[in-house]
Structures are given as C-alpha cells and as structure tokens.
Amino acid sequence: MPRRALAAAAVAVVLPLSACGSGDDSSGSTDASGKIEGNITFQTWNLRANFKSYFEGVIADFEKKYPDTKVKWVDQPAEGYADKISADAAGGTLPDVVNVSPDLVAPLAKAGLALDLDKSAAKYKKEYLDGAWASHRIPGMTGTYAFPWYLNTGPLFYNKSLFNDAGLDPEKPPTTYDELFSDALELAKKSDGKVATLANVPTVEDFGRYGVQLMNKEGTAFSFNDAKGIELLTKYKELYDAKALDSQALTATPESSGKKFLTGAVAMNPGSALDLGNFKKQAPNLYKNIGITDQITSTGKVNMYVMGVMVNSRTKHTPAAVAFAHYVTDAQNQMSFAKKVAIFPSTAGSLDDPYFTKEDGTDETRVRIAAAKSLKNAVNYTPVLFSEQMKTALRNEVAKALQGKESPKAALDNAVKACNTLLKQQG
C-alpha cells in the first residue's frame with residue numbers, strides 16, 4: 001500500500017547512535033560548490049514497489065544533466081528502517097543521500113553525520129515553504145539537516161447518518177474542541193454508548209493542536225503537563241467514561257480505528273484523499289453519507305507530516321550529493337510525484353498549481369484542494385526529539401488516566417518526567 005509508505009513520516013522511530021561518536025574525523029567536505037561528479041548512493045524508504053519507474057526516470061534525467069555522475073538507488077523496507085540507518089551510521093556505511101523523517105535526522109545531526117544545508121545549500125532555501133524547511137531543524141542546534149520533500153495532511157471524515165440519528169445537524173460538524181466534545185457526548189448518549197465519536201487516545205500531536213506548549217524554547221525539556229495539557233486529557237477522560245471515546249482506543253492502531261469507522265461504530269476519523277477510494281469500494285453506504293471537514297485545532301494551524309532528503313556529511317562527493325538531493329526535491333520533480341499519489345509538494349508556489357486549486361466536482365479533488373490550502377501554514381507538531389520510546393511512555397500514562405488509575409495531572413507529570421529522562425539519554 002502506498003498509503004503505508006507515504007504515511008511513514010507519521011511514524012516516529014527510535015534511532016540510538018551512541019556508537020557514532022560526536023562526528024569528529026569527518027572525511028567529507030561541507031563545500032558543495034565544486035564540480036558535480038562522482039558515484040553516489042541514494043536510499044529511499046519503502047518506495048520501489050510502487051514508484052520504480054518514477055525514480056528510475058528522475059535518476060536518468062539527473063545523470064543526463066550531469067554526465068560525470070552515477071547514482072545507485074537502494075530502497076529499504078519500511079520494517080526496521082530506523083535500525084538499518086542506525087547500523088549504517090555506526091558502521092560508516094551510510095549512503096550519500098538518504099530519505100529521512102525529522103525524528104530520524106535528529107540523532108544523525110547530533111552525531112555529525114547530516115550535512116547542515118544552511119551552510120552548504122542556503123541558496124535553495126527560498127524554493128521551499130518556510131514550515132517545511134524548518135521541519136528538519138533540531139532544537140538546541142543551529143542549522144537545517146535535510147531538504148524538505150513531500151508533505152501530507154488530511155481532513156476529518158465523519159458519518160452524516162450517525163450525526164443525523166443523534167439529532168445533530170449533519171451539515172454542521174464540530175469546528176472547535178468544545179463543539180467536538182459536546183457532540184461526542186451527545187452521540188454516545190443518544191446511541192446508548194454504541195457509537196463512539198473518536199477511536200484514538202490523544203498523542204503528542206493532539207496536545208500540540210490543542211495549543212499545549214510541548215517543549216521549552218531551548219529544546220531541553222518537555223512541558224506538555226501544563227494546564228492546557230491537563231485540560232485536554234481531562235476532557236478525553238470524560239469522553240472515555242461516557243463511551244464517546246471507543247473502549248478499545250487504548251490499544252487502537254490507525255488500521256483498527258479505520259475499520260471501526262468503516263463499520264459505523266465510530267462517527268469521526270482522520271484520513272486523507274486516499275481513503276475516499278477505500279470508502280467507495282469497501283463501504284458504499286458510508287461513502288454516500290461521508291462528511292468532510294477540517295482538522296480541529298486551537299492554533300489555526302493543522303498538523304503536517306513531512307519527509308526529507310538528507311546528505312551524509314561524510315560523502316566523498318558533496319557537490320554531487322547536494323545537487324541530487326536538491327534535484328529530487330525541486331518543484332518539477334515534486335509536482336510530478338504528487339500527481340502519482342496523494343501527497344503534496346513542499347516547494348513554494350507548487351500548492352498554487354491548478355491541480356491543487358481547481359474544483360472538478362469530485363470529493364477526491366475537494367479533499368486535495370482543502371489539504372493543499374491548509375498546508376501553506378501547517379506545522380509538524382510532533383517534536384523532532386520525540387522518540388518511539390517517548391510515544392510509548394506518553395501512551396501508557398494516558399491509558400492510566402483514562403482508566404482512572406491516575407489523575408490526568410499525575411499521568412502527564414509522570415509522562416513528562418519519563419520523556420525528559422529519555423531526552424537526557426539521547427543527548
């Protein structure tokens with residue numbers, strides 16, 4: 001499924017690089033201004049199966065433009081990608097150009113293995129959306145450590161017939177958190193607890209969208225246990241007690257909550273334009289009653305997932321590696337990639353293309369246009385330094401709060417403490 005590959009940016013993974021040292025003894029050069037020549041290796045993340053001809057075309061065009069270069073393309077499976085990068089980094093076999101997400105680039109940058117593009121490729125910065133370029137910056141460090149590549153975001157889908165059955169106006173879905181919580185309690189009450197509105201517990205991204213300050217400005221400590229964070233978790237506890245939050249939310253995956261939405265057990269679910277085709281095929285009744293609304297946020301900015309392309313600071317061919325990383329992520333190549341699958345370019349001006357602005361009466365286009373518009377000032381709420389272990393720590397404490405084993409305040413205090421301990425170990 002391309003959805004899995006292209007949602008990979010949403011999956012934070014832990015990448016221990018303690019074996020890498022501090023990045024001393026670098027044999028590469030940070031100067032990208034020399035002749036573009038040499039053999040380089042480009043590594044992608046689970047993209048060969050669906051996009052082989054696209055990447056082969058991009059590479060052939062680059063080699064034609066720069067005849068003294070040769071690009072070897074390797075693709076790694078989604079499973080174990082972080083471990084593969086970690087092993088390559090520790091063993092000195094990291095490819096010259098690497099497909100990364102922000103959380104993957106952070107330990108590489110700290111280990112001195114990611115080229116600082118603010119120094120080596122600053123002339124390209126203006127070609128990208130500000131939020132996308134900033135997404136590969138690391139708190140506590142100066143610099144930008146990967147070219148932004150494709151972005152993704154999506155709307156909230158809702159089941160109009162379930163809203164109607166509960167006496168709620170199906171044409172007026174919730175647009176604020178207060179409305180969301182109020183509608184969710186009403187849906188649960190009218191259905192005697194048979195219909196939950198939400199199927200997932202709050203993640204760090206949800207705290208971000210609610211307006212919680214996730215970290216201190218220095219990037220040295222987490223702070224999502226503030227009054228706003230406690231308020232959000234308290235609301236979720238109310239929903240859980242009223243069965244407005246699905247009883248299996250504590251163990252839900254995106255796939256399992258998607259299935260609940262398909263079967264009408266859950267009234268709202270986040271998604272993307274790719275989901276509409278699934279609804280049409282697998283749940284025609286749902287498709288007839290599908291409502292599409294914006295992500296709910298207190299900040300006015302939706303969440304985006306972002307992928308990047310990093311240059312190994314120890315490459316022997318810095319000019320060629322930087323040129324290729326830029327080529328893969330330039331406006332023309334991003335635009336042609338975005339037309340093959342439901343993703344969005346990170347290049348400035350691309351989202352003004354008629355493909356992202358012109359309605360044609362279909363729901364797919366409507367979703368694409370709404371998402372493109374929201375991406376112009378979207379934010380990647382998940383902190384770059386928030387590892388998989390931290391996600392687990394937060395999830396475990398949230399579960400205790402929802403089950404009434406701890407107060408929301410105690411749960412978030414414990415989660416922040418655990419995450420800060422893990423953060424110190426990273427440093």
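I began with helix α18, residues 408-426, which has 19 residues and reaches 27 Å from its first C-alpha to its last, close to the 27 Å expected at 1.5 Å a residue; that expected span is 1.5 Å times one less than the number of residues. Helices here are DSSP runs of H or I with at least four residues, strands are runs of E with at least two, and both are numbered from the N terminus. I noted that this is a predicted model, in which local features need pLDDT of at least 70 and side-chain atom pairs count only at pLDDT 80 or more, while totals for chains, interfaces and linings use all residues. Residues are numbered from 1 along each chain as its sequence is written, and side-chain values use heavy atoms, with hydrogens and water left out.

Next I asked which residues of α18 are buried. They are Pro-408, Ala-411, Leu-412, Ala-415, Val-416, Cys-419, Asn-420, Leu-422 and Leu-423, where buried means under 20% relative accessible area, exposed over 50% and partly exposed in between, with a 1.4 Å probe and protein chains only. Seen down the axis of α18, these buried residues fall within an arc of 165°, so they line one face of the helix; the arc is that of the directions from the helix axis to the C-beta atoms. The face turned away from the buried side carries the exposed residues Lys-417, Lys-424 and Gln-425. I found α9 (204-209), α10 (227-241) and α17 (388-402) among the elements that cover the buried residues of α18, contact meaning heavy atoms within 4.5 Å.

I then turned to the open sheet, whose five strands follow the order β2-β1-β3-β8-β4 with mixed pairing; two strands pair if DSSP finds at least two bridges between them. Its edge strands, each pairing on one side only, are β2 (69-76) and β4 (147-152). β1 and β3 (residues 97-100) pair in the parallel sense over two bridges, and I noted Val-98 in β3 as the bridge partner of Gln-43.

Last, I looked up two backbone angles, bearing in mind that most residues other than glycine have a negative phi. Asn-46, in the loop between β1 (38-45) and α2 (48-65), has a positive phi near 60° and counts as partly exposed at 26% relative accessibility. Lys-243, in the loop between α10 and α11 (254-262), has a positive phi of about 65° and is exposed, with a relative accessible area of 53%.
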